[in-house]
Structure formats: structure tokens, C-alpha cells
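Hello,

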Amino acid sequence: MAADALLAQLDQVKQTGAGRWVARCPAHDDRSPTLSIRETEDGRTLVHCFAGCQTGEVLAAAGLTWSALYPPRNPHDHHTRKVPPVPYADALRCIAHEAWVVLVCAAQIERGGRPSDAEVSRLSTAVERITTACQITGTFR
Ligand SMILES: [Zn+2]
């Protein structure tokens, strides 16, 4: 579950419904559980302290970072998400190469007006490769 990492760090966790819990807030001297934890359908975790603590304070007090509130990018790389399957340097080299392809195509287009089908097709391949390189390194989902 998305909230597991956070719930594991909290005291007096009580489930109040599907994907909902209350617990003692670690960020203030909480006698009765005033921290509300809720999982959203898209796998995020919402945290609210009714005593007014900021979410960042709650996370810091629990020894967590904001990433604990967001789902892993892909359930299959849940355990390896900190280590990309391809070294960053390789992904950057790929992006640099594709950037040159884009530049060469752009120069040809500039000289000759309309791009050929082959150039357009190669440009979309470049965009695909750059996007893949970013995804592999977790730059965006
Ligand atoms: Zn609090």
C-alpha cells in the first residue's frame, strides 16, 4: 500500500475506513491521534494534522521525505527505483546524440524548406529516444 512507509513510522495507527487511518502526529506532542492519513485512488497519500502541523514537519518527524507520499513510478521497479536500469551517463549520451540528429535535421530543413518524410520520421524517432532516456532515468513518468 502507498501509505505503508508512513504508517510504519507512526504510533497508535488506527484504520478508520478503506484507505483511511488516524495516528499520533509525530510532529507535535500528540496525546490523542490527530493525524489523518488517507490514500487516494491514484496511489498518493494525503496527510493532515488537525493540530495544524505542516505535512513537511510531519514527514521530517517521521524520518521520511515527500517521496513517501507518492506511488512508485512502476510497481515492477518498486524495489529498484533508486537505481535506474541504465546508467545516467548512457542515457545522457543517448540524449546528446539525438540532439545532434535534431540539429542536423533542422539545418537540412532550414536549407531546403520542407522536411522529407525520412527526416520527419527520424525526428520522431529522436523524440521517442529522448523520452525513453528520460523515463529510464526517472526524469519523468
Ligand atoms: Zn501535528
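This is a predicted model: local features need pLDDT of at least 70, side-chain atom pairs count only at pLDDT 80 or more; totals for chains, interfaces and linings use all residues.

Residues are numbered from 1 along each chain as its sequence is written, and side-chain values use heavy atoms, leaving out hydrogens and water.

The protein chain has 4 helices and 4 strands (DSSP runs, H or I of at least four residues for helices and E of at least two for strands, numbered from the N terminus). Along the sequence their order is α-β-β-β-β-α-α-α. Of its 141 residues, 25% are buried, meaning under 20% relative accessible area with a 1.4 Å probe, protein chains only.

Now to the helix pair. Helix 3 (residues 88-112) packs against helix 4 (residues 117-136) at about 155 degrees, and their axes lie 9 Å apart; axes are lines fitted to C-alpha atoms over the stretch in contact, with angles from 0 to 180 degrees between N-to-C directions. The two are therefore roughly antiparallel, a term for angles over 145 degrees.

Which residues of helix 3 meet helix 4? They are Ala-91, Cys-94, Ile-95, His-97, Glu-98, Val-101, Val-102, Cys-105, Gln-108 and Ile-109. Among their partners in helix 4 are Leu-123, Ala-126 and Ile-130, where contact means heavy atoms within 4.5 Å.

Best wishes

Terms used. Buried means under 20% relative accessible area, exposed over 50%, partly exposed in between (1.4 Å probe, protein chains only). Angles under 35 degrees count as roughly parallel, over 145 as roughly antiparallel, 65 to 115 as roughly perpendicular and the rest as oblique.
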